[in-house]
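Thanks for coming. I will walk through one model today, going sheet by sheet and then to the ligand. Please have a look at it first.

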Amino acid sequence: MDTKSYWEKIDQKMDKVRFLDRLHPLERLFEEKVKIGLDIGTYSIKMVQLKDTPKGPTLVKLGYKEIPKTLSESKASGTEQDSIASVLRELWQEQKIKGRRVRLAVSDSSIYSRDISIPRVTEEELVKAIKWQAEKYIPFSIDDAIVDFQTLRSDSKKGSDQMEIIVVAAKKETVNKYLTVLKEAKLIPTNLDVCPFAVVKSFLKNYPVNKEEMVAVIDIGAKVTSVIIAKRGSLQFVRNIELAGSNFTQVLAQGLNVEKIEAEKIKKRSSLYPLEMDEKKEGPNIFPIIEPLLVELAQEINRSFAYCETEQLTQRINKVILYGGGARLKGLDKFLKEKLRVPVEIGNPFKDIAIDRIEVDTPILDEVSSSLMAALGAAL
Ligand SMILES: Nc1ncnc2c1ncn2[C@@H]1O[C@H](COP(=O)(O)OP(=O)(O)OP(=O)(O)O)[C@@H](O)[C@H]1O
Ligand SMILES: [Mg+2]
């Protein structure tokens with residue numbers, strides 16, 4: 001099938017159906033050994049290329065490119081889309097990527113999730129039932145939404161005639177915006193995932209289910225911090241907190257009376273605890289300036305945990321794994337460990353994934369790997 005007719009097919013599908021899931025069968029047309037996962041954030045674009053080898057999926061290429069600053073701040077304008085498309089083109093050139101088919105993780109602060117309980121129905125009835133139920137819960141019109149879902153369990157304690165389902169909805173407008181960008185960059189989506197599902201996929205690949213552990217995955221990006229909790233192998237809870245790396249930069253710029261660009265540089269080279277961490281102290285002490293924000297972030301995370309526990313969605317959270325560019329703030333893991341009173345570690349999305357060390361630039365991988373979680377999940 002040529003690119004034009006493929007796009008026609010996607011456009012038709014996007015018009016008619018609202019389930020992300022429906023795009024998946026298209027993928028069968030392209031059984032490929034190489035898979036490219038893409039995560040387009042507000043700050044950066046992340047790309048992961050995996051190849052099927054006898055050792056399992058192997059990382060052969062990766063990309064992390066920041067979207068020029070002024071652009072990522074103006075939301076959803078035509079120019080922003082043009083620029084994202086040009087960053088994508090540069091990425092493809094620099095990395096000498098031949099493949100044009102990509103698997104996209106859609107991230108957006110409007111993504112909404114909720115677990116619902118519905119009477120047990122057959123597979124065919126399920127889609128209809130979810131649509132009907134989702135209409136009641138999603139805070140925007142279902143006509144404007146793209147919905148995806150996963151069955152959590154079908155024999156809940158409420159009685160075996162109920163099944164529990166997590167429903168995730170994103171605004172159709174957002175998804176269409178991503179599709180336009182891909183089209184402009186001459187890329188073809190063969191699969192769409194919402195970020196929390198992609199994150200859970202790569203988390204489970206690297207951290208197998210351990211009954212003793214109740215892990216929360218926290219992705220700290222630029223605009224949004226997502227608290228994601230998986231249980232028994234599937235997504236159980238997701239909440240977006242609109243407090244992340246760009247807020248730290250903003251507050252630093254004000255506190256130090258410098259431009260945001262300068263504040264961003266200071267943030268990246270500073271540590272919250274320079275003396276305790278035995279690091280050379282460079283520049284200003286950033287901790288007192290961003291402490292109120294960090295405290296607020298920890299409180300919001302704690303609130304999410306408390307909600308999950310009181311609603312009995314999960315047991316007590318006893319471990320946190322951090323991802324995203326914001327998690328690279330030196331000392332943040334230590335701060336959150338003290339405030340949340342659970343062990344906190346920086347996650348490695350490639351802990352259990354083979355890496356082609358000839359193709360992949362190891363220092364770059366080490367630097368950006370915590371940001372590649374959703375892109376990896378989309379590629380898997
Ligand atoms: N070394 C570092 N130290 C501190 N913060 C960092 C570092 N590197 C990146 N960041 C911050 O991480 C954030 C970007 O993270 P990431 O690339 O994961 O964002 P994104 O996925 O594009 O954003 P979002 O998911 O919110 O749309 C920025 O606020 C940036 O300042
Ligand atoms: Mg992100």
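I start with one residue pair: Ile228 stands opposite Val238 in strand 11. The strands they belong to, strand 10 (residues 225-231) and strand 11, run antiparallel and are joined by seven bridges. Helices and strands here are DSSP runs, H or I of at least four residues for helices and E of at least two for strands, numbered from the N terminus. Two strands count as paired if DSSP finds at least two bridges between them.

Before I go further, two remarks on the source. This is a predicted model, in which local features need pLDDT of at least 70 and side-chain atom pairs count only at pLDDT 80 or more, while totals for chains, interfaces and linings use all residues. Residues are numbered from 1 along each chain as its sequence is written, and chains are lettered from A and ligands numbered from 1 in the order in which they are written.

Angles run from 0 to 180 degrees between N-to-C directions, and axes are lines fitted to C-alpha atoms, for helices over the stretch in contact.

Arg341 has a positive phi, near 55°, and is not a glycine. Is Arg341 buried or exposed? Arg341 is exposed, with 10 other C-beta atoms within 10 Å. The cut-offs are 20 or more other C-beta atoms within 10 Å for buried, 12 or fewer for exposed, and partly exposed in between, again with C-beta atoms placed from the backbone.

Lys96 is another such case: its phi is positive, about 50°, and it is not a glycine. Lys96 sits in the loop between helix 3 (78-94) and strand 4. With 7 other C-beta atoms within 10 Å, Lys96 is exposed.

What is the order of its six strands? The order is 8-4-1-2-3-14, in an open sheet with mixed pairing. Its edge strands, strand 8 (188-194) and strand 14 (354-355), each pair on one side only.

Strand 4 pairs in the parallel sense with strand 1 over four bridges, and also in the parallel sense with strand 8, over six bridges. Asp39 has Ala105 in strand 4 as its bridge partner, and Val106 has Val194 in strand 8. Five of the six residues of strand 4 are buried, so the rest of the structure largely encloses this strand.

Helix 5 (residues 172-184) lies across strand 1 (34-40), strand 4 (101-106) and strand 8, at about 150° to strand 4. Helix 6 (residues 195-206) lies across strand 4 and strand 8, at about 85° to strand 8.

Last, the ligand. Ligand 1 is surrounded by 22 residues, the closest being Gly41, Tyr43, Gly221, Gly245 and Gly325. A residue belongs here if its C-beta atom, placed from the backbone, lies within 6 Å of the molecule. Helix 7 (245-256) and helix 8 (260-269) each supply at least two residues of this shell.

For the whole protein chain, the secondary structure comes to 12 helices and 14 strands. Of its 380 residues, 38% count as buried. I will stop there.

Definitions and conventions:
Two residues are in contact if their C-beta atoms, placed from the backbone, lie within 7 Å.
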